[in-house]
Amino acid sequence: MYKLLKYSLYDIVKSRFALLYTLFLVLVAISIYQVSEDMGKVSLSLLNIMLMIVPLIAAVFASTHFFNNLEFTELMLAQPVKRRDVFLSQFLAVAFVLSMALIVGFGVPMLIWGADVTILTLLGIGIGLSVIFAGLAFLASVMTRDKAKAIGISLSFWIYFSLVYDGFVLYLIYSLADYPLEKTTLGLVFLNPVDLGRIIMLMQLDISALMGYTGAFFQNFFGSFQGILISSGVLLLWMLWPSYFALRVFRKKDF
Amino acid sequence: MKTLIVLLFAISCFLPNLASGTVIKLTSGGNIQMAIDNAQPGDTILLAAGRYEGHDLTIRKPLTIWGESYPVVDGMHKGNIFLVAAENVHFKGLHIINSGKSTMEDSAGIKFFDSKSCTVSDNLLEETYFALHFSNSEEITVSNNRLFSSAEKEYQTGNGIHLWKCKNSTIENNTVMGHRDGIYLEFVTNTVSRQNTIEGNKRYGLHFMFSHDNSYLQNTFRRNGAGVAVMYTHNVLMQENLFEENWGASSYGILLKDITDSQVINNIFRKNTIGIYMEGSSRNTFQNNSFQQNGWAFKLMASCDRNTIEANNFLGNTFDISTNGSVVLNTLNQNYWDKYEGYDLDKDRLGDVPYRPINLFSMIVEKIPAAVILWRSFLVTLLDRMEKVIPSITPENMIDNSPKMKPYDLGTAHS
Amino acid sequence: MISVRHIHKKFGKLDVLKDFELEFQAGNSYALMGPNGSGKTTLIKIILAMVLPNSGDVLVNGQSIKGNTAYRSQIGYMPQIGRYPDNMRIGQLFSMMQDIRPEIKDYDMDLVKAFGLDTMLDKPMHTLSGGTRQKVSAALAFMFRPAILILDEPTAGLDPIAVEVLKNKIKREREAGKLILITSHILSELEELTNQAIYIFEGEVFFNDSVESLKDITGENKFSTAIARLMEWSLKKNTKKTELAHV
């Protein structure tokens, strides 16, 4: 397992994608830091990148990588190694590269120009979402035999979680406007990792406005140790379940 | 002998009016009411350090009650502790605790009726229902007092500093915590509140009605249940105050209702759910204020007209301005908006493109408050972008035609 | 050495292998033939556990391959098209494969040397031509001295010299008593390399015997014409079936 991971990582780290993605993130970070002086504005600009662009790239890259590496996967399957190890080495390599690109791409500018807790939280959420969407993309990839279809499904996951789901939530809130919905919305937030990441950030950036609607409910929840534990736990669950199911399908898949 | 002269000299320096009367000294456990009754007008009753019990201690002549190292006056949870109806009564250096808790008679630490030229300074009041309660009095000075209540619920406590039908008074340098309203003024005129710290009160930090021609300067209002609410008043000056961390569905930096011809200048509104909420108010000026990290910096209801909002800084607020109607009869001018994305080609430091401070989503949230949890989602960003390109719902004339390119350097008020 | 027992495999509604039975003995070389889509590749992939059968089992050296990965260290597999991580160098690929089998220390580097791969160990895989990649695949299949060799179109894309080198290697291994399984479209090559012929048609074994008996049965002297006859028969059988179906 460790050996396979070592070689998968080596291959992906040397790929042009890893370099370009890191470079892209560095450029984004530099331009954001250059344009706005105060940390509040920096985190706002980074927020859109982390919630939108990062998951998109993670989803597209992971499914592309899975199919580009399909022959190699087949080669590995003919070797005396476990299927689980073949899958995990691929997945972990992708997750690692996506995370490292974020850490290097944003981390270096942060070291130079400074960061606060908000920005560091944002970085953590970016990494979480990268792993989640890579997992979803792997799930889409093992379920189909066609690269284009897999990318399509990964993109639909992305559109669903970042757009359609919120539309549904808005509709629900609109039609049930007369009922107290704090707990329901909290529950709904947990069912969408992008929303979960976004709300964790809202707790830091827009706490004053959020207090207007939820009162202290959200604040008490996300501010308490228990709430932080639960929300990190749910985020972790999101990082695990797509890849777990992808692994299950992968173990039964015909190549 | 020599030391005594020096001591007397020192005392007369600190409290010049002492010199006129006799000093009656009371030791721990002494009967205050008896001392009051035996004193001549203008005398000073000096309470030595220790503990005194009594309630409804009534003063009907000019007197000074002076405490040495904060003697405790314990009301034993019965009635008012001191009752005053006289001129020139002064309280200084007392530690007054445990008044009654009657809502019927508004029990208080010190209660004044029909008094004049009285001062209450350097006292510590704890667990009083109302702390300082003044009715129908004038030329009152309330300074350097610390008023604490540890009540859990709003109905378990009264107001910190309560003035009803008073005039020409000064309230300064007091700290009020844990009461219902920090400072409550009704029918109070020509009064100045200065440099008070009003924090963590159950209802309002400052609450006034029908109290014209008053000034509020350099006060701090922080984490009060519903912030500050002022109503039915004209000619108010609010300057260099700090309104901070008033969080909740109906919590405001300031709620202004039927306020006219007033000025709100150089204040800081920081981290409030709503910085300023204004309805039914006209001809007010909001100038050089700094709105930072509020949920809504300004909620301007359609019932307001001819107000001027100019040269303020709007920094890091979730929403800058929202309103409930489509008609806007107020003026926005030369404010700095950190969300402004325009440019300044003619280098006059004012943006060449007008700024519309209302965004579409804030209108939606106005109707469906729960929708606020979708803020900053892709869906909402898309909607807002579309609205920016083709304005359709947001009020046409809620607009700052000359937005400032750089924030004003407004200092940091008093803090 | 390899027993394929009652294998049944469906892709969707299509039955690719139907109650499939085969035995492969050590020391023999098998030519695996059949028209496109007959199930050859599926069979190979089932033996390698890359495709999992709906039912049935495969025994290698008497042991079931279910849940077993170690048996694959006895199989040298040369895929039809070998693709490798783009950024990996030939030398790294070799050492990775060696890394995966830490128990094997004695490497067969005949083909590496014969193909001249040892002179280009630091070339990245993506710079290689299709033929060179095929050479890498061949070298890897033989490198660990496996008891079983499964070669899927081994000579496709190779230059004539390399083809000869590979053929000689296969022959030597066969003589050394290995089990060899080859699919190819080049019948002359199969005749040269194999002594057993297996013809698969529509998911069933149509013919399975020595090349000698194949020639006897078909009455042909040449391998290629014998196979052609076999194909004719299989198609006739098919038409018969369809006629019956019409009645």
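**Figure 1. A stretch of chain B that carries a UniProt domain annotation.** UniProt, in an unreviewed entry, lists "domain: Periplasmic copper-binding protein NosD beta helix" for residues 155-342 of chain B. The model shown here and in the other views is predicted. Over residues 155-342 of chain B, 52% of the chain is strand and 0% is helix.

**Figure 2. An open sheet of 12 strands in chain B.** The strands of this sheet follow the order β4-β7-β10-β13-β16-β19-β22-β25-β28-β31-β34-β37, and their pairing is parallel. At the edges are β4 (57-59) and β37 (319-322) of chain B, each of which pairs on one side only. From one strand to the next, the twist averages 10 degrees. Strands of a sheet pair through backbone hydrogen bonds, and the pairing can be parallel or antiparallel.

Figure 3. Strand β28 covers residues 252-260 of chain B, and strand β25 covers residues 227-234 of chain B. These two strands pair in the parallel sense over six bridges. Across this pairing, Tyr252(B) of β28(B) has Gly227(B) opposite. Strand β31 (residues 274-279) of chain B also runs parallel to β28(B), and five bridges join the two. Here Ile254(B) stands opposite Ile276(B) in β31(B), and Leu256(B) stands opposite Met278(B) in β31(B). In a regular strand, side chains alternate between the two faces of the sheet.

**Figure 4. Helices α2 and α3 of chain A.** Helix α2 (residues 16-35) of chain A packs against α3(A) at an angle of about 165 degrees, and the axes are 11 Å apart. An angle over 145 degrees counts as roughly antiparallel, so α2(A) is roughly antiparallel to α3(A). The crossing of α2(A) past α3(A) is right-handed. From α2(A), the contact is made by Phe17(A), Tyr21(A), Val28(A), Ile32(A) and Tyr33(A). From α3(A), it is made by Val42(A), Ser45(A), Leu46(A), Ile49(A), Ile57(A) and Phe61(A). By class, the contact of α2(A) with α3(A) has 10 nonpolar residues, one polar and no charged.

**Figure 5. Helices α3 and α9 of chain A.** Helix α3 (residues 39-68) of chain A also packs with helix α9 (residues 193-205) of chain A. Their angle is about 175 degrees and their axes lie 11 Å apart, which means that α3(A) is roughly antiparallel to α9(A). On the α3(A) side, the contact is made by Ser43(A), Leu44(A), Leu47(A), Leu51(A) and Pro55(A). On the α9(A) side are Val194(A), Gly197(A), Arg198(A), Met201(A) and Leu205(A). The residues of the contact of α3(A) with α9(A) divide into seven nonpolar, two polar and one charged.

**Figure 6. The contact of chain B with chain A.** Chain B gives 27 residues to this contact and chain A gives 26 residues. On the chain B side that touches chain A, 15 residues are nonpolar, nine are polar and three are charged.

**Figure 7. An annotated span of chain C.** In an unreviewed entry, UniProt places the feature "domain: ABC transporter" at residues 2-227 of chain C. Residues 2-227 of chain C are 33% helix and 27% strand. The end C-alpha atoms of this span lie 24 Å apart.

Technical notes: Residues numbered from 1 in each chain as written. Chains lettered and ligands numbered in written order. Predicted model: local features only at pLDDT ≥ 70, side-chain atom pairs only at ≥ 80, totals over all residues. Pairing = 2+ DSSP bridges. Helix = DSSP H or I, 4+ residues; strand = E, 2+ residues; numbered from the N terminus. Contact = placed C-beta atoms within 7 Å. Nonpolar A, V, L, I, M, F, W, Y, C, P; charged D, E, K, R; others polar. UniProt positions renumbered as here; feature names shortened; annotations may be inferred. Axes fitted to C-alpha atoms, helices over the stretch in contact; angles between N-to-C directions. Parallel < 35°, antiparallel > 145°, perpendicular 65-115°, else oblique. Left-handed = near helix turned anticlockwise from the far one by under 90°.
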